[in-house]
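The following exercises ask the reader to work through a structure step by step. Please consult the sequence and the model shown here before reading each solution.

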Amino acid sequence: MQGLSRVELMPRDVGGHQPRSIAGIETPRTLDEVRALVRRSMGAGRRLYPISTGKNWGMGSAMPVTDDNVVVDLSGMNRIRGLDLDTGYAVIEPGVTQAQLAEVLRDTPWMLNVTNSCADTSVVGNALDRGDGTFRSRVHDVAGLEAVLADGSVVTTGGLDPSGRYHGRVAGPDLTAAFVQHNLGIVTAMAVALMPRPQSVGLVHARIPRDQVGVALDAIAGFLRRGNPADGMLRVRELALTPSHGDWLLPAGVDRDLFTVLGPLLGSDAAVELAEELLRKALVEVVGAETLRVIDPTEVRPGDPLYARALMAQGIPTCLGVRNALRVTSCDQIDEGKIGFLALMPLMPTGARRTEHLLAALQTAVDAHTTALMVEWNLVSRHMANGVIQIFFERGAPDASYRAHQLRNDGNCVLRGNGCAIYRSDIDHAAADAWSETSTASLGMLHRLKTALDPDGLLSPGRYGA
Ligand SMILES: Cc1cc2nc3c(=O)[nH]c(=O)nc-3n(C[C@H](O)[C@H](O)[C@H](O)COP(=O)(O)OP(=O)(O)OC[C@H]3O[C@@H](n4cnc5c(N)ncnc54)[C@H](O)[C@@H]3O)c2cc1C
């Protein structure tokens, strides 16, 4: 059929997960081609695994959860269907990249909540896996969806209407979130809520001694709970845990004695100034917080270590972060590069005592598997943080991949044992992570929903356990 192609797929995965066998690749470029593919696959015993750009690095890249799926690569379905500059919504297809949408938004009153991943990653794919952007969790960007169900029908959710216009949340139940971290359909369009481009952007940066991390998190959480007058998300990051012996790997520039506080403050000049003042006051007891600077990101030049973050604070995506971390010159090399990468993503507390306790428990796992890790707290809400634990390893070195996977497994157990549920998972653990945090009755409801819509398990089998 025109527009659909079949090619050989070699499994490529920077995480070094157990390779899955692939039954083929399809590359539909339009809604009608997706529907035709689903209809042809119904009853033919084919399983379809949609990806947007397939750069889910650290969680399985473009690999399906189970064997013998046909990967449905939607990167060629890349139209920006609509842009409403009055209300700040874009309606985009799965292949639309961060770079593509950010470029269209240049010189408009709106910007994209960009992630630190490659500029050519999909906005839709990332949001469907509940990623985190620079300004907020991508959860807040997903306003509505269009999806093809397993019987070939097309549904829209939220306030996205069948003709592709977004109206805002309309009356009645909203099933949008049921498609996020789930496998109810192939998402063919998303209404994305954009960020207002502010009068002023300040980029917070501080480098603080390692032993202050608990106190600093407590202080920043207090600042957020009392009310940050500016928009934007603060991160506590680059906290490295290294084993006492053995070979281990961390990105260049990471200092084991320090961690970083980083993130944008967005708003009017007055709001950003006040936020800076309140943040400084909140951190007054933290030793080393006097290093805190609030930088004008437009003045940061290429070559400065903060250049990538300065671009992102202005809604400009960049590949510099991923390329530096994984030591490649092109993002196309990542899945075949020398550096391996795994991610573990727990919900983390922000209190000092629990933080120190968790870090001590993680250190035990680090020592046991002689592999380093790096912890990041994305302060996505006033309640808790989205943790991002990054594990880097040398792919050619004996046992390095095995030890990294063992560290992720043990880290997962340590975290869950300490009450930190996993909020985003990988192709090896998604089922266990979802099942362990969901009651039997709720799992039963999800199963009934899935069976009603997709009785033959045609779409994304195994994704998040469904
Ligand atoms: C150094 C580094 C930094 C990173 N920084 C960030 C960061 O700041 N924030 C962040 O969130 N992530 C980050 N990542 C992780 C990852 O690279 C991004 O999340 C990336 O956006 C995910 O890949 P993708 O956009 O190509 O999505 P995809 O891989 O296409 O999609 C992810 C999954 O969603 C499902 N899916 C995708 N599209 C569809 C569809 N149309 N219909 C149904 N299901 C679908 C599939 O199961 C797929 O496996 C980082 C990774 C590295 C290595």
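**Exercise 1.** Determine how many residues of strand β3 (residues 69-73) are buried, and which way they point.

*Solution.* Step 1: a residue is buried if 20 or more other C-beta atoms lie within 10 Å of its own, exposed if 12 or fewer, and partly exposed in between, with C-beta atoms placed from the backbone. Strands (E, at least two residues) and helices (H or I, at least four) are DSSP runs, numbered from the N terminus. Step 2: in β3, 5 of its 5 residues are buried. Step 3: Val70 and Val72 point one way from the strand, while Asn69, Val71 and Asp73 point the other way. In a regular strand, side chains alternate between the two faces of the sheet.

This is a predicted model, in which local features need pLDDT of at least 70 and side-chain atom pairs count only at pLDDT 80 or more, whereas totals for chains, interfaces and linings use all residues. Residues are numbered from 1 along each chain as its sequence is written.

**Exercise 2.** Identify the strands that pair with β3.

*Solution.* Step 1: two strands pair if DSSP finds at least two bridges between them. Step 2: β1 (residues 22-26) runs parallel to β3 and is joined to it by 4 bridges; Glu26 stands opposite Val72. Step 3: β2 is also parallel to β3, with 5 bridges, and Pro50 has Val72 as its bridge partner.

**Exercise 3.** Locate the ligand relative to the domains.

*Solution.* Step 1: a residue is near a molecule if its C-beta atom, placed from the backbone, lies within 6 Å of it. The ligand is surrounded by 31 residues, the closest being Asn56, Asn116, Gly125, Asn126 and Gly131. Step 2: helix α3 gives the most to this shell, with 4 residues. Step 3: domain bounds come from an automatic or database domain assignment. Because domain 1 (80-196) and domain 2 (200-420) both give residues to the shell, the ligand lies between them.

**Exercise 4.** Describe the setting of Gln181 and of Arg327.

*Solution.* Step 1: most residues other than glycine have a negative phi. Step 2: Gln181, however, has a positive phi of about 50°, and Arg327 has a positive phi near 50°. Step 3: Gln181 lies in the loop between β8 (154-156) and β9, and is partly exposed because 19 other C-beta atoms are within 10 Å. Arg327 lies in the loop between α7 and β15 (339-348), and is partly exposed, with 15 such atoms within 10 Å.
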